[in-house]
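Dear colleague,

I am handing over the structure below. My notes on it follow.

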Amino acid sequence: MSELVARTGRHQQRYEAGCRLVAGCIPFKYRISVDSDGAISEEMVEVLMINSTGGPGLLFPKGGWENDETVEEAAAREALEEAGVRGNLVHFLGYYMFKSKTLQDEFSPEGLCKAAMFALLVKEELQSWPERSTRCRSWLTIPEAIECCRYPWMREALEDGFSKWLANHMINNSKEEVQIPPSPASSPDND
């Protein structure tokens, strides 16, 4: 098997109206607890977070959306590069605006970013991945993840996007993978 390598650089980065376009996901899985009789006692959802290389706290995989890929491909690529997971994007959670303190450039002088976030149902955890030497993975319950989340916009994506979608999804008592709509438009009018 060939070694996976993370993309680097900004030469293919997408921008729109002074914002750097970013794609990311909230990786999740279902964990089933079995009691001493062998019966399922509890089913819960855990989300996967990774350490930040820039300070304390945890975050979800995300990174630049490049012009040779769809937003879904970018989100899946970031999950693979940063967290070493593969899976299925099952729901578009929305767009989240934030300001990067370190990534200002000529196309986004104020460091404004617009992140398209997805729910990713994890199917495979790799033992080796491109950013393994700098990233640690942590599976957390949603309340734990809310407490550990480094960035307010990611906490909002978890609480207002993912948790609301998950509650609705669980009410419908359907764990089948749902189809996500076609690539979301990158227009700010579609927030």
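Buried here means under 20% relative accessible area, exposed over 50%, and partly exposed in between (1.4 Å probe, protein chains only). This is a predicted model, in which local features need pLDDT of at least 70, side-chain atom pairs count only at pLDDT 80 or more, and totals for chains, interfaces and linings use all residues. Residues are numbered from 1 along each chain as its sequence is written, and side-chain values use heavy atoms, with hydrogens and water left out.

The chain has 191 residues, 44% of which count as buried. Its 3 helices and 8 strands are DSSP runs (helices H or I, at least four residues; strands E, at least two), numbered from the N terminus.

There are 7 aromatic pairs (rings of Phe, Tyr and the six-membered ring of Trp, centres within 6.5 Å; planes under 30 degrees apart are stacked, over 60 edge-to-face, the rest tilted). Phenylalanine 28 and phenylalanine 162 make an edge-to-face pair, at 5.3 Å centre to centre and 65° between the planes. This pair joins strand β2 (residues 19-34) to helix α3 (residues 152-171), across 134 residues. Phenylalanine 28 counts as buried because its relative accessible area is 1%; phenylalanine 162 is buried too, at 0%. Phenylalanine 98 and tryptophan 153 are stacked, 4.4 Å centre to centre with 5° between the planes. That pair links strand β6 (residues 85-99) with helix α3, 55 residues apart.

Glutamate 82 lies in helix α1 (residues 71-83) and is buried, with 7% relative accessibility. Its side chain comes to 3.2 Å from the backbone nitrogen of lysine 62.

Regards

Technical notes:
Polar contact = N/O pair within 3.5 Å; in protein donor to acceptor, adjacent residues only side chain to side chain.
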